[in-house]
Amino acid sequence: MGTETGTETGAAAEAGPGVVVFAGISADPIDTAAAWAAVETAATGAVVTFGGIVRDHDGGRGVTRLGYSAHPSAGRRMGELAAEVAARHPGTRLWAAHRIGELAVGDHALVAAAASAHRGEAFEACRDLVEAIKHGIPVWKEQHFSDGGSEWVGSA
Amino acid sequence: MTARRTASVLIASTRAATGAYEDQSAPVISKWLTGHGFDTSQSLVVPDGEPVGAALRALLLLDPRVIITSGGTGLSHDDLTPEMTRPLLERKLPGVMQAIRSAGLADTPYAALSRGYAGTAGRTFIVNLPGSPRGVADALAVLDPIIGHICDQLEGSHGH
């Protein structure tokens, strides 16, 4: 971000179209560095990334692992939501992947990245992207608790 | 006072989306639309294939008067812009594509290979242009005298 404040020549890029670099479901571990690299270009002044991570507790119970399942339409819906976010944030470059399958504590369940010429738009677009995905895609998780029980809940 | 008509430019290009190359067509189309009085702030670049369908459906929710796509109309395996567009069209305008291909053929025989559609979805006119800047320029010249009338008809305001 060091060059951000000194880069005022990116006006043309700012006014350009929003870009969906990638939006989809991943059965494999998500590479956060790849997300960053995918959104950054020479016109980028700020990159904001988000990681939704499997934590070891929920509602006072210990969590050992999660299983994520997605409806077949989830990838397509994620593309639609990312396109809506890109349309709301001209000049940003967006990347988002939601993991499915068996995840352990500490694994990344959702990774999102937004790049823009300036930090304000990158922060806003990344948050908009994450909230849209969390509330809008047909993904569910089965939480396995340390006391041996389990429950199904929406991905959010 | 009438609100400014909105239009979206949708660039289908995996290389442009990944930043491997700078798309040349979007600025040309945006400038043309602006010249015809459209607000083009809601424009997108997405990778070829399924993301094009997702982006079209997302843009239609915004009810723009026009969506112009560029790219993905050829025969490469991920050139799927026509396949993504066709299910969304309620009424097709084959004559528009015929005119665009005819204009393109004056420049290059490859114009015959563009598989794009034109048509309407609700009050939105959608047209698939090729990805090449030259193909875009030829198509815009065809649309130039008819875009206003298309929008008038979609809005139900026949000025005669």
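User: Which pattern does chain B follow, read along the sequence?
Analyst: This is a predicted model, in which local features need pLDDT of at least 70 and side-chain atom pairs count only at pLDDT 80 or more, while totals for chains, interfaces and linings use all residues. Residues are numbered from 1 along each chain as its sequence is written, and chains are lettered from A and ligands numbered from 1 in the order in which they are written. Helices (H or I, at least four residues) and strands (E, at least two) are DSSP runs, numbered from the N terminus; chain B has 7 helices and 6 strands. Along the sequence, these give the pattern β-α-α-β-α-β-α-β-α-β-β-α-α.

User: What is the radius of gyration of chain B?
Analyst: The radius of gyration is taken over C-alpha atoms, and the globule rule is 2.2 Å times the number of residues to the power 0.38. For 160 residues that rule gives 15 Å, and chain B is close to it, so the chain is as compact as a globular protein of that length. The radius of gyration of chain B is 15 Å.

User: What percentage of the residues in chain B is buried?
Analyst: A residue is buried if 20 or more other C-beta atoms, placed from the backbone, lie within 10 Å of its own; it is exposed if 12 or fewer do, and partly exposed in between. Of the 160 residues in chain B, the buried share is 49%.

User: Around the axis of α2(B), what arc do the buried residues cover?
Analyst: In helix α2 (residues 25-35) of chain B, the buried residues are S25(B), A26(B), I29(B), S30(B), W32(B) and L33(B). The arc is that of the directions from the helix axis to the C-beta atoms. Because the arc is so limited, these residues lie on the same side of α2(B); it spans only 160°.

User: Which elements of chain B do the buried residues of α2(B) pack against?
Analyst: Exposed K31(B), T34(B) and G35(B) are on the face of α2(B) turned away from its buried side. Two residues are in contact if their C-beta atoms, placed from the backbone, lie within 7 Å. The buried residues of α2(B) pack against β1 (7-12), β2, β3 (66-70) and α6 (133-143) of chain B.

User: Which element gives the largest share of the side of chain A that touches chain B?
Analyst: The contact involves 16 residues of chain A and 21 residues of chain B. On the chain A side, two or more residues come from each of β1 (18-26) and α3 (74-88). The largest share is 7 residues, and it comes from α3(A).

User: Which residue is the bridge partner of G18(A) in β2(B)?
Analyst: Two strands pair if DSSP finds at least two bridges between them. β1(A) pairs with strand β2 (residues 44-46) of chain B in the parallel sense, over 2 bridges. Within β2(B), the partner of G18(A) is L44(B).

User: Which strands stand at the edges of the open sheet?
Analyst: The open sheet has 10 strands with mixed pairing, in the order β2(A)-β7(A)-β5(A)-β1(A)-β2(B)-β1(B)-β3(B)-β6(B)-β5(B)-β4(B). Each edge strand has a single partner, so one of its sides is left without a neighbour in the sheet; the two are β2 (46-53) of chain A and β4 (91-92) of chain B.

User: How many residues of β7(A) are buried?
Analyst: Strand β7 (residues 108-116) of chain A pairs with β2(A) in the antiparallel sense over 8 bridges. Strand β5 (residues 93-99) of chain A is joined to β7(A) by 6 bridges, and these two also run antiparallel. β7(A) is largely enclosed by the rest of the structure, because its buried residues number 9 of the 9.

User: Where is D63(B) placed?
Analyst: Most residues other than glycine have a negative phi. D63(B) has a positive phi of about 55° although it is not a glycine. This residue is exposed, with 11 other C-beta atoms within 10 Å. Its place is in the loop between α3 (50-61) and β3 of chain B.
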